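Please examine the sequence and the model shown here before reading on. The paragraphs that follow move from single residues to the fold and then to the contact between chains.

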Amino acid sequence: MAINKQNPKAIEVLGLTKEFGQLVAVDDISFQVEKGEVFGFLGPNGAGKTTTIRILTGLTKPTKGKVKIFDYDIEKETIEAKKQMGIVPESSNIYDDLSAWENLIFTADLYQIEKNQAEKKAQELLKTFGLFNRKNDKAKSFSRGMKRRLAIAMGLINNPRLLFLDEPTSGLDVESSLIIKKIISSLSQRKITIFLTTHDIEEASRSCDRVAIINHGKIAAIDTPENLKRTIQSVQSIEAVFNKTVSWQEISSLEKFPFVNKIQKLGDKYKLFTDNPEKTLSVLWNFSLKNKLRITSLNTLGPNLEEVFIKLTKDK
Amino acid sequence: MSKNIIINLKAAWAITKKDIKIYYLKPGTLMFGVMFPLFMFLSFAIGRNLPALSLIPGLISLTVLFSASSIGPVAIPTERRVKTFERLLSAPISFYAIILGKALGGVLFSLFISLIALLAAWLFLGVTMASPFILFFALILASLCFSLLGIMFAMFPTENPGDIMMMLNFIRLPLMFISGIFIPVETLPLWAKLVSSFSPLTYANDLFRFGIEGKIHFSLTADLVVLLLSAGAFLFIGIRLDKKFRE
């Protein structure tokens with residue numbers, strides 16, 4: 001993959017490798033993130049996610065390979081590349097002994113934002129994140145969710161074109177989680193590129209335009225969430241509810257068909273896993289007629305991203 | 001001055017102001033700063049029939065050494081642990097700005113504490129300064145040198161301030177005894193003179209003696225050059241260490 005000079009991407013990674021002695025933490029990975037895209041970066045612990053982010057944000061130097069942020073080389077034009085980004089690490093790295101206001105203004109000072117502009121932006125962010133009434137309180141008195149909101153606000157103080165969000169909603173209360181999800185959605189509408197790492201696969205599925213799955217330092221898959229789900233058709237399923245209770249002996253007889261992989265009883269529902277939903281529907285219909293049953297509810301379900309993730313990371 | 005330098009100086013000053021608010025204005029730190037010279041003075045003076053004037057330069061040397069080099073080595077590993085140091089590293093500023101910002105906090109704290117000690121010496125002991133201007137300049141330079149010494153040690157990649165303080169004290173405590181503070185350099189045997197010539201504290205103490213008593217063992221130029229070179233060396237080694245460990 002060659003780096004395109006004409007139309008710079010938000011992130012361009014080419015042959016990126018990071019070795020720590022004998023350990024290869026990131027093994028020759030390449031990918032691109034388009035401007036305005038919400039890009040999910042998924043992987044189990046120790047897969048190389050953090051090392052990759054540290055290289056992309058200029059905190060660690062790669063052993064080999066190239067990283068460009070809006071066409072700025074992260075190694076040679078580090079300061080310019082950093083100016084384009086906002087970074088929100090997993091641990092809300094705010095200063096507990098400073099107030100919310102002081103935290104924002106200090107961050108603005110680091111990004112050389114003019115005083116009036118910084119104050120205006122800080123005020124706007126505190127309102128957006130529901131922290132305005134607590135702006136003069138020291139951050140150490142904040143809940144975990146409030147600290148996270150403040151950390152994201154600090155990541156946005158410089159109006160970044162690219163925002164790195166590491167596990168933005170992990171372990172948060174419902175209110176904070178909802179606020180953050182809303183903000184992510186509004187940022188993506190404003191065409192801010194978001195590089196999101198998360199363990200919440202459903203969150204990635206909902207928020208991301210594309211997802212990369214990294215395992216053992218290599219990219220296992222990279223595609224849209226829907227395309228990734230389609231790659232493992234064998235975990236498609238049909239969920240049916242009948243008007244009467246069906247004995248397990250009767251329903252399990254359907255397992256004799258080669259395209260019905262497994263049947264599960266979930267409350268009043270029966271879930272039939274299959275790699276051929278069409279044929280399965282047909283045998284299910286015949287089964288209901290034969291047993292004088294009425295199907296009161298029927299759903300065909302694709303694999304969720306979690307199943308894709310488990311399959312891909314296991315296979316590799 | 002180029003725009004880049006101004007940007008980095010402004011960022012350094014923002015880091016200094018933040019550190020002053022978070023670390024230096026804490027009651028415990030201020031108490032340490034004020035009590036330290038007092039106890040140092042008592043341990044110097046009690047049982048020794050020496051005029052106050054001859055004790056003050058040594059007292060100021062120790063005050064500067066400890067107050068300038070104590071907070072940076074605590075603040076940096078602590079910030080590394082809570083990941084706020086990464087906030088500085090990921091900002092669009094040079095690493096020199098971060099070091100300068102951190103060092104400046106130590107310099108200002110050391111200046112504040114030494115000036116209090118000098119004021120007390122003037123008020124209660126009637127000590128006057130032979131060259132106040134030289135003394136003030138020496139205080140700034142020595143504070144910068146020892147602040148950078150502390151920060152150089154803080155570049156070891158630990159999140160535990162105790163690890164840094166242990167290493168730092170391994171250097172600071174011997175410096176107290178080989179730098180002509182308790183016994184003037186000119187009265188030391190030749191081997192001890194040689195050893196003391198490797199300590200930047202020797203030259204800081206020499207400058208303070210000149211500023212307070214008007215006496216000097218080396219020369220103004222030698223003292224200033226050695227302190228400047230030492231500060232530069234600590235800065236250089238600190239940056240190399242950070243680079244080595246961060247890679």
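Is Gln112(A) buried, partly exposed or exposed? Gln112(A) is partly exposed, because 19 other C-beta atoms lie within 10 Å. A residue counts as buried if 20 or more other C-beta atoms lie within 10 Å of its own, as exposed if 12 or fewer do, and as partly exposed in between, with the C-beta atoms placed from the backbone. Gln112(A) has a positive phi of about 55°, although it is not a glycine. Its place is in the loop between helix H3 (100-110) and helix H4 (115-128) of chain A.

Lys292(A) also has a positive phi, of about 50°, and is not a glycine. Lys292(A) lies in the loop between H10 and E14 of chain A. Lys292(A) is exposed, because it has 8 other C-beta atoms within 10 Å.

This is a predicted model, in which local features need pLDDT of at least 70 and side-chain atom pairs count only at pLDDT 80 or more, while totals for chains, interfaces and linings use all residues. Residues are numbered from 1 along each chain as its sequence is written, and chains are lettered from A and ligands numbered from 1 in the order in which they are written.

Chain A as a whole may be considered next. Its secondary structure comes to eleven helices and 14 strands; helices (H or I, at least four residues) and strands (E, at least two) are DSSP runs, numbered from the N terminus. The C-alpha trace of chain A spans about 75 × 50 × 35 Å along its principal axes. Of the 316 residues of chain A, 41% count as buried.

Within chain A, four strands form an open antiparallel sheet in the order E12-E13-E11-E14; two strands pair if DSSP finds at least two bridges between them. Strand E12 (260-266) and strand E14 (295-301) are the edge strands, each pairing on one side only. From one strand to the next, the twist averages 20°. Helix H10 (residues 277-290) packs on the sheet and touches E11, E12, strand E13 (269-274) and E14 of chain A; residues are in contact if their C-beta atoms, placed from the backbone, lie within 7 Å. The direction of H10 makes about 20° with that of E11(A), where axes are lines fitted to C-alpha atoms, for helices over the stretch in contact, and angles run from 0 to 180 degrees between N-to-C directions. Strand E11 (residues 236-242) is joined to E14(A) by six bridges, and Glu239(A) stands opposite Asn299(A) in E14(A).

The interior is described by nonpolar cores, which are sets of buried Ala, Val, Leu, Ile, Met, Phe, Trp, Tyr and Cys residues joined through C-beta atoms within 7 Å. The largest holds 143 residues, and Ala153(A), Ile194(A), Ala142(B), Cys145(B) and Leu148(B) touch the most other members. Helix H7 (residues 132-154) of chain B gives the most to this core, with 15 residues. A second, separate core of five residues includes Ala240(A), Tyr270(A), Leu272(A) and Leu284(A).

The contact between the chains takes 19 residues from chain B and 20 residues from chain A. On the side of chain B that touches chain A, the largest share, seven residues, comes from H1(B). Helix H1 (residues 3-24) of chain B has 22 residues; among its buried residues are Asn8(B), Ile15(B) and Tyr23(B).

Note on methods: Two residues are in contact if their C-beta atoms, placed from the backbone, lie within 7 Å. The expected span of a helix is 1.5 Å times one less than its number of residues.
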